[in-house]
Amino acid sequence: MNGHGRSGGRPTLEEVAARAGVGRGTASRVINGSSRVSEQTRAAVEAAVAELGYVPNRAARALAANRTDAVALVIPEPEARFFAEPYFSAVVSGVGAALAETDIQLVLTLAGSDRERRRLAQYLSGHRVDGVLLVSVHADDPLPDLLAELGIPTVISGRRSAAETLPCVDSDNLAGAADAVRHLLDRGRRTIATITGPLDVYGAQCRLDGYRQALAAAGRPADAELVAVGDFTEEGGGRAMRELLARRPSLDAVFAASDVMAAGARRELRAAGRRIPQDVALVGFDDSVVARHMDPPLTSVRQPIEEMGRTMARMLLEHVYGKRAAGAAADGTAAEHGTAAEHGTAADGYADTGGAGRDGSAVVLPNRLVVRESS
């Protein structure tokens, strides 16, 4: 038939079944990825599909299965922060890489204002997506509870608390911050300040806890004057640095909870006539492009951000579409980015390594300190 059915038009499922010598239902199960068929039958149906050039009607399949074949990546942050913070582009890249080998459509949505949240709630209540990937969640954000009420499968990047109830992917913020501070201590720095992220973000709290734990382990008492709260923006990092210099002009090191805030701190240190690292050592968090292009290049805690995005997507795909879809996503990214095991993930069972959702789905990925000239 050379790619055309007996009707002379687009090949039908019935024609695939006839060519394979099976019933229509069996052919449908093979095409929809069911495991309830023999390998011999699967091979016969797949050969018939290839010979006839059959293309499934995705809209009809999705309607029959009560699915949309789309997932939403929701970032509840203002547009300005989304475009200024390299973290988000890395997450989008990771999610996109995981979905590239599937037929699932990605819908990117920003919801940084009350109006945008209301509009998103309306959109999601219409069940226009099969699941949601939620990034950068603040403690008081109503979106996770709304998604739970709507019954929409959700995976969070970054836990809201140690008792997170939703499936989640996170990095080890506490250990990463502690590594950064130990590095500064090992370099002989004695008055180490920190610029935190917004403390209604659990990851920012963990980085502050890591800072404090490393100092305590070294016998250094906590000093509230050496802690300034930022907001993960360059302007916020600059404001916090001015506060710290006004309070403790003798400080000789700063751990900033993001590279972008470290860039703001660097600007203020330069304006105050402080040399980096001779007078003040500076360390950031994320190891984004900002760190590599600063002058001097910034020592930073490297988060596996793209791997976090890929792992989130695979978790959601498995939950919504089954292991076959998640396997396709993993196969499509393993060759380029390495296997989950190489990155320290627990993708084959999502082992609980630090706080789990109701179904036990939690992954906490390790960070690594990258030392450069700023410290």
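A residue is called buried here if its relative accessible area is under 20%, and every view below shows a predicted model.

View 1. A search across the whole structure returns 0 disulfides.

**View 2. The largest nonpolar core and the elements that build it.** This core comprises 44 residues, and those making the most contacts inside it are Ile 195, Tyr 211, Met 241, Leu 251 and Phe 255. At least two core residues are supplied by each of helix H9 (173–186), strand S6 (192–196), helix H10 (202–217), strand S7 (227–229), helix H11 (234–247), strand S8 (253–256), helix H12 (259–271) and strand S9 (281–286). The largest share, 6 residues, is contributed by H9.

**View 3. Helix H1 and what covers it.** In H1, which spans residues 13–20, the buried residues are Leu 13, Glu 15, Val 16, Ala 17 and Ala 20. Among the elements covering these buried residues are helix H2 (24–31) and helix H3 (39–52). After H1 comes Gly 21, which has a positive phi near 75 degrees.

View 4. Strand S9 is mostly covered, with 6 of its 6 residues buried. S8 pairs with S9 in the parallel sense over 3 bridges, and within this pairing Val 254 has Leu 282 of S9 as its bridge partner. Together, S8, H12 and S9 form a right-handed β-α-β unit. S9 is also joined by 4 bridges to strand S10 (residues 299–302), the two running parallel, and the bridge partner of Phe 285 in S10 is Val 301.

View 5. Most residues other than glycine have a negative phi, and most peptide bonds are trans. The bond joining Ile 276 and Pro 277, by contrast, is cis, with omega about 5 degrees, and Pro 277 is placed in the loop between H12 and S9. The peptide bond from Asp 295 to Pro 296 is likewise cis, its omega being near 0 degrees, and Pro 296 is found in the loop between helix H13 (289–293) and S10.

View 6. Ser 136, a residue other than glycine, has a positive phi near 65 degrees and is located in the loop between strand S3 (131–135) and helix H8 (143–150). Because its relative accessibility of 14% falls under 20%, Ser 136 counts as buried. Asp 286, also a residue other than glycine, has a positive phi near 120 degrees, and its place is in strand S9. With a relative accessibility of 6%, which is under 20%, Asp 286 therefore counts as buried.

Definitions and conventions:
Residues are numbered from 1 along each chain as its sequence is written. This is a predicted model: local features need pLDDT of at least 70, side-chain atom pairs count only at pLDDT 80 or more; totals for chains, interfaces and linings use all residues. Side-chain values use heavy atoms; hydrogens and water are left out. A nonpolar core is a set of buried Ala, Val, Leu, Ile, Met, Phe, Trp, Tyr and Cys residues joined through side-chain atoms within 4.5 Å. Buried means under 20% relative accessible area, exposed over 50%, partly exposed in between (1.4 Å probe, protein chains only). Contact means heavy atoms within 4.5 Å. A disulfide is a pair of cysteine sulfur atoms within 2.5 Å. Two strands pair if DSSP finds at least two bridges between them. A crossover is right-handed if, with the strands pointing away from the viewer, the path from the first strand over the helix to the second runs clockwise.
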